[in-house]
Amino acid sequence: AKGLQLSFCMTPENILLEIDARRLQKILSNLLDNAVKFTPQGGSFGIEVTGLHREKKVQITVWDTGIGIKEAAKELLFQSFVQLDPSLARQYNGTGLGLALVRQLAELHGGSVSVESTFGAGSRFTVTLPWEG
């Protein structure tokens, strides 16, 4: 409905993770929902999956060309029930639980989540998980 362009890239092409599939689906669903929600009409979003053999880690990055996040707000980003900008709450529905859940699920699998963002230009959320590939 918003005319967004989707991109997907995975290197190497075959990565097998030993992880609870439902939990991974929840992580991706929450990140992709936010990417779509906060990207304006005609923008783009995507997923990049990278296997890091030496570090024995997989990085899953969900990126968008959306509204971005102010630097000062990043420290609050993964806290439960926190919506960064109250004025946006009227425009974008949400509970403030999605990113907190992403962090919790990543940590339960021995991983982590990080964010890079430029206000007004988009965001990159990267979930790093252990990999025995």
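Predicted model: local features only at pLDDT ≥ 70, side-chain atom pairs only at ≥ 80, totals over all residues.
The protein has 133 residues, of which 36% count as buried. If we take the contacts between residues at least 6 apart in sequence, 66% of them join residues at least 24 apart.

Let me turn to the helix pair. Two packed helices are described by the angle between their axes and the distance between the axes. Here the pair is helix 1, residues 21-37, and helix 3, residues 98-108, whose axes come within 9 Å and cross at roughly 150°. That angle makes helix 1 roughly antiparallel to helix 3, because angles over 145 degrees are placed in that class. The crossing of these two helices is left-handed.

Which residues in helix 1 and helix 3 meet? From helix 1 we have Arg 23, Lys 26, Ile 27, Asn 30, Leu 31 and Asn 34, and on the side of helix 3 they meet Gly 98, Leu 99, Leu 101, Val 102, Leu 105 and Ala 106. Sorted by class, this contact has seven nonpolar, three polar and two charged residues.

I would like to stay with Asn 30 for a moment, a residue placed in helix 1. Asn 30 has a relative accessible area of 11% and is therefore buried, the cut-off being under 20%. Leaving aside residues up to four places away in sequence, Asn 30 touches Gly 98, Leu 101 and Val 102.

Helix 3 is followed by Gly 110, which has a positive phi, near 80°.

Next, the aromatic side chains. How many aromatic pairs does a search of the whole structure find? The search finds one. The pair consists of Phe 78 and Phe 125, whose ring centres are 6.3 Å apart and whose planes stand at 85°, so the arrangement is edge-to-face. This pair links distant parts of the chain, since Phe 78 sits in the loop between strand 3 (57-64) and helix 2 (86-89), whereas Phe 125 belongs to strand 5, residues 122-130, and the two are 47 residues apart.

Finally, two points about the backbone in loops. The peptide bond from Thr 11 to Pro 12 is cis, with omega near -10°, and Pro 12 lies in the loop between strand 1, residues 5-11, and helix 1. The other point concerns Lys 56, which has a positive phi of about 55° although it is not a glycine. Lys 56 is found in the loop between strand 2, residues 44-52, and strand 3, and with a relative accessibility of 48% Lys 56 counts as partly exposed.

To close, the two contacts I would ask you to look at in the model are the left-handed crossing of helix 1 and helix 3 and the edge-to-face pair of Phe 78 and Phe 125.

Methods
Residues numbered from 1 in each chain as written. Heavy atoms only, no water. Axes fitted to C-alpha atoms, helices over the stretch in contact; angles between N-to-C directions. Helix = DSSP H or I, 4+ residues; strand = E, 2+ residues; numbered from the N terminus. Parallel < 35°, antiparallel > 145°, perpendicular 65-115°, else oblique. Left-handed = near helix turned anticlockwise from the far one by under 90°. Contact = heavy atoms within 4.5 Å. Nonpolar A, V, L, I, M, F, W, Y, C, P; charged D, E, K, R; others polar. Phe/Tyr/Trp six-rings, centres within 6.5 Å; stacked < 30°, edge-to-face > 60°. Buried < 20%, exposed > 50% of the residue type's maximum accessible area, 1.4 Å probe, protein only.
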